[in-house]
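Subject: Structure for your review

Dear colleague,

Please find below the structure that I am handing over to you.

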Amino acid sequence: MFFMGTYTPKLDEKGRVFLPAKFRDRLAEGVVVTQGQENCLVVWPEDVFMQEAQRAQQTPLTSRDARDYARVLFAGAEQTTPDKQGRIGISPLLRDYAGIVKDVVVIGVMDRIEIWDPAKWAEYSAGAQAKFADLDESTD
């Protein structure tokens with residue numbers, strides 16, 4: 001199953017977010033929430049996170065980039081299971097990293113979900129959509 005689409009739930013007073021209903025079956029066994037690039041949060045199905053962890057584990061410890069990636073990926077990671085209503089808690093540490101207060105944008109990105117602050121998503125998305133619109137790999 002690929003995750004896709006854009007959704008705009010809100011955090012509740014306990015820092016929980018409702019995951020989109022059509023994602024819930026795939027995530028019912030557990031998820032890992034961690035820091036992502038561009039200051040978003042990444043929600044991985046637990047099995048997909050373990051695959052990513054194995055890839056990170058296979059990189060040489062002599063590579064500074066590999067060490068940096070593993071440190072950030074694991075230091076901010078939190079395992080959780082969605083509750084019966086499909087909510088997951090987002091810790092204050094992760095909310096601060098992503099700049100999330102109340103409103104969020106949840107997007108499906110193939111094998112993972114990303115959670116964004118709406119203003120950061122709008123800024124990122126505008127630039128990415130402009131690049132996408134102009135994408136041309138032809139060699140005339």
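Arginine 16 and aspartate 12 are joined by a salt bridge, with 2.7 Å between their closest N and O atoms. Please bear in mind that this is a predicted model. Both partners, arginine 16 and aspartate 12, are buried. They also belong to a network of salt bridges that links Asp12, Arg16, Asp83 and Arg87.

Across the whole structure, the search finds nine salt bridges. Another of them is formed by the side chains of lysine 10 and aspartate 103, at 2.5 Å from N to O. Lysine 10 is in the loop between β1 (3-7) and β2 (16-18), while aspartate 103 is in the loop between α4 (92-98) and β7 (105-110); the pair therefore ties together parts that lie 93 residues apart in sequence. Lysine 10 has a relative accessibility of 47% and counts as partly exposed. Aspartate 103, at 37%, is likewise partly exposed.

A further salt bridge is the one between arginine 71 and aspartate 68, whose closest N and O atoms are 3.8 Å apart. These two residues are three positions apart in helix α3 (residues 64-75), so about one helical turn separates them. Aspartate 68 is partly exposed, with a relative accessible area of 35%.

How many of the five residues of strand β4 (residues 41-45) are buried? Five of the five are buried, so the strand is largely enclosed by the rest of the structure. In a regular strand, side chains alternate between the two faces of the sheet. In β4 both faces are covered: Leu41, Val43 and Pro45 are buried on one side, and Val42 and Trp44 are buried on the other.

The pairing of β4 with its partner strands may also be of interest to you. Strand β3 (residues 31-35) runs antiparallel to β4, and five bridges join the two. Within this pairing, valine 32 has tryptophan 44 of β4 as its bridge partner. The hairpin of β3 and β4 has five residues between the strands, and there glutamate 38 adopts a positive phi near 60°. Strand β8 (residues 112-116) is also antiparallel to β4, to which it is joined by three bridges. Here leucine 41 stands opposite isoleucine 115 in β8. Leucine 41 is also among the buried residues of β4 named above.

Yours sincerely

Definitions and conventions. Residues are numbered from 1 along each chain as its sequence is written. This is a predicted model: local features need pLDDT of at least 70, side-chain atom pairs count only at pLDDT 80 or more; totals for chains, interfaces and linings use all residues. Side-chain values use heavy atoms; hydrogens and water are left out. A salt bridge is a side-chain nitrogen of Lys or Arg within 4 Å of a carboxyl oxygen of Asp or Glu. Helices (H or I, at least four residues) and strands (E, at least two) are DSSP runs, numbered from the N terminus. Buried means under 20% relative accessible area, exposed over 50%, partly exposed in between (1.4 Å probe, protein chains only). Two strands pair if DSSP finds at least two bridges between them.
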